[in-house]
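Dear colleague,

Here is the structure I said I would pass on. My notes on it follow below.

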Amino acid sequence: MKNSMSRMLVELVIKNALKNIKDNPERGIRNLADMALQFSEGGFQKNFLTDIQTMLQNENSAYYELARRIISYTDTDRLYTFGMNAGYNGCNAGAQCIRENEMKLNCLIPWTVIFQIDSKHFDANRQRYQAILGEGEKLGIYVWMLFAMNQPQMLLSLARDYPDSAFCIFCSSDDLKDDFLNEAADLHNIMPVVLYDNNMADTCRVLQERGFLYSAWYLYGQTDTEQILNGNLFENMQQPDPAFAVLVPKPGCPEKVHELVYRTVKEIRSSQTYPAIPYELPGDNNLINSIISDISNAPCSICFDANGNLWEQCRKTEDSRHNLFQDNLPEILRNVCPKKA
């Protein structure tokens, strides 16, 4: 992404804000929210950021503790780069590009794309993965969510090839060994999202020692409803100090369960109870899509399985008619996410 006066100004403000957060988290976070509102465009974005400003008036907000934790262990260059790629590229300049391309293509464009990737298909289609990221950036997509259990190290080449994008790499604790961490040491545009299990705490301590920004994720189904609704899951997930506590519905998770969980996530996030930001993957992705596209209901979140086939909304049945190895991303979006008249 080319430098512009707007971006240079944002970079200057962000760097100064990060310094202020370290010295005074409350003031620094409020300044970031004020700056984001100043540079935002569109009614949904302004309303969203205004709501955040209102939330931050709560002096007892757990998110101030979250800021203290993150700034204490995360390498500043890593926090700055990932924040600029996800925040400015993905939700500001990228958002403007998305809106322009939605008009040209007459379809909705998601702010992020989710991939389930295995080594067999990645090795055979490495160039196609690289190409689809290039197609995405031209559309305004700069945030990518990659699920690569067992071998996330293979994805680091994508992050290296696309330094303007932000990569959330969903993996397990066992995946984050020294080989991965050593190769990722100079990649500031990635955020490991670690599966919440009994081994996570030890892994997170290593990530902190190495200055990584990281989050946690949990695969939920109907049997997890009670511990989500009563807050026990979030209480446990925030212990290893992640930035986000991400909930991902299992394939086949009933729609009623998803709706109940997402409503709970929004309530807990609004209450600012835990020093980790709750995020329900399909629900919140659609929320951000709506904000960026300036449409009250923009359900265009999509993901691709390891075979390259589309999974609409990340929960529905596999759709083999749309395959990332065979079709380009604009063609898929025109077919799957057409704008309604």
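A crossing of two helices is called right-handed if the near helix is turned clockwise from the far one by less than a right angle, and left-handed if anticlockwise. The model is a predicted one, and in it helix 13 passes helix 14 in a right-handed crossing.

On the helix 13 side the contact is made by His 258, Tyr 262, Val 265 and Arg 269, which meet Pro 282, Gly 283, Asp 284 and Leu 287 of helix 14. Sorted by class, this contact has 4 nonpolar, 2 polar and 2 charged residues.

The core. The largest nonpolar core has 97 residues, and those touching the most other members are Phe 115, Phe 167, Ile 190 and Leu 247. Helix 5 (residues 76-105) supplies the largest share of this core, with 9 residues. Leaving out residues up to four places away in sequence, the contacts of Phe 167 include Phe 82, Trp 144, Tyr 162, Ile 190 and Met 191.

A loop residue. Asn 199 sits in the loop between strand 4 (190-195) and helix 10 (200-209). Its relative accessibility is 41%, so Asn 199 counts as partly exposed. Beyond its neighbours within four places in sequence, Asn 199 is in contact with Ser 173 and Asp 174. Asn 199 and Ser 172 are 27 residues apart in sequence, with 8.9 Å between their C-alpha atoms.

Regards

Definitions and conventions:
Residues numbered from 1 in each chain as written. Predicted model: local features only at pLDDT ≥ 70, side-chain atom pairs only at ≥ 80, totals over all residues. Heavy atoms only, no water. Helix = DSSP H or I, 4+ residues; strand = E, 2+ residues; numbered from the N terminus. Contact = heavy atoms within 4.5 Å. Nonpolar A, V, L, I, M, F, W, Y, C, P; charged D, E, K, R; others polar. Core = buried A, V, L, I, M, F, W, Y, C linked by side-chain atoms within 4.5 Å. Buried < 20%, exposed > 50% of the residue type's maximum accessible area, 1.4 Å probe, protein only.
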